[in-house]
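Welcome! Here is a protein model to explore, one piece at a time. Take a moment to turn it around before reading on.

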Amino acid sequence: MTLKGADKFIQAVNAKGANARQVVGIVRAKTSDIQSQAQRLEPVKTGNLKRQTTIAVSNGSQKIVGTVTANATNRGFNYGYAQEHGTRYITGKHFMETAYNANKQDFINKIKGVVKK
C-alpha cells in the first residue's frame, strides 16, 4: 500500500498522542490480511506461488511500511508477476490488486480511529 501525505499523518498521530505501537499493529495486521487473501486468490498448480507470497513490515523513524510480495520463479522467470499482470498468452488474475482493494478501506478506517482518539 502506498499512502500519500504520510508526513501529515505522522504529525496528526504525534499531536493526538496516538500510540505508535497501535499503528504498527494495524499495518502488520492488514499486511497479513492482504497476504492471506492474495494466497486464497492465487492460481494453484504446484503451490509454489502460495509458498513464495511473503510479507515484510519495516518500522523506520518516520514511516512504517508493510510489503506483500509474490515472487515465485521458475528457471529465472518470475511467474508471480505474470500471473498478476498477465502476458500476451494469459490474462492477468489480479490476485494482489484484489486483495489490496478489499483491505484498503478497513485499513484507512482503523488508522483514522487511532488518530481521532
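## How to read the model

This is a predicted model, in which local features need pLDDT of at least 70, side-chain atom pairs count only at pLDDT 80 or more, and totals for chains, interfaces and linings use all residues. Residues are numbered from 1 along each chain as its sequence is written, and side-chain values use heavy atoms, with hydrogens and water left out.

## The overall layout

The protein has five helices and four strands. Both kinds of element are DSSP runs numbered from the N terminus: helices are H or I with at least four residues, and strands are E with at least two. Starting at the N terminus, the order is α-α-α-β-β-β-β-α-α.

Of the 117 residues in the protein, 30% are buried. Here, buried means under 20% relative accessible area, exposed means over 50%, and partly exposed lies in between (1.4 Å probe, protein chains only). The accessible surface comes to about 7900 Å², and carbon and sulfur atoms hold 51% of it. These areas come from the Shrake-Rupley method with a 1.4 Å probe, and for residues only the protein chains shown count as cover.

Contact means heavy atoms within 4.5 Å. Among contacts between residues at least 6 apart in sequence, 56% join residues at least 24 apart.

## A hairpin of two strands

Strand 1 (residues 53-59) and strand 2 (residues 64-70) run antiparallel and are joined by seven bridges. Two strands pair if DSSP finds at least two bridges between them. The two strands form a hairpin, with four residues between them.

Of its 13 lining residues, K45, T46, L49, Y79 and Q83 are the closest to its centre. A pocket is an open set of points on a 1 Å grid over the protein atoms alone, where a 1.4 Å probe fits and protein lies on both sides within 12 Å along at least five of seven lines; lining residues have an atom within 4 Å of a point.

Helix 3 (48-51), strand 3 (73-74) and helix 4 (79-85) each supply at least two lining residues, and helix 3 gives the most, with three. The lining divides into five nonpolar, six polar and two charged residues. Nonpolar covers Ala, Val, Leu, Ile, Met, Phe, Trp, Tyr, Cys and Pro, charged covers Asp, Glu, Lys and Arg, and the others, Gly among them, count as polar.

Leaving aside neighbours within four places in sequence, Q37 is in contact with A99, A102 and N103.

N78 sits in strand 4 (residues 77-78) and is partly exposed, with a relative accessible area of 25%. Not counting residues up to four places away in sequence, N78 touches A70, N71, A72 and T73. Between the C-alpha atoms of N78 and L49 there are 9.9 Å, although these residues are 29 apart in sequence.

K110 belongs to helix 5 (residues 95-116) and is partly exposed, at a relative accessible area of 40%. The C-alpha atoms of K110 and V23 are separated by 8.8 Å, with the two residues 87 apart along the chain.
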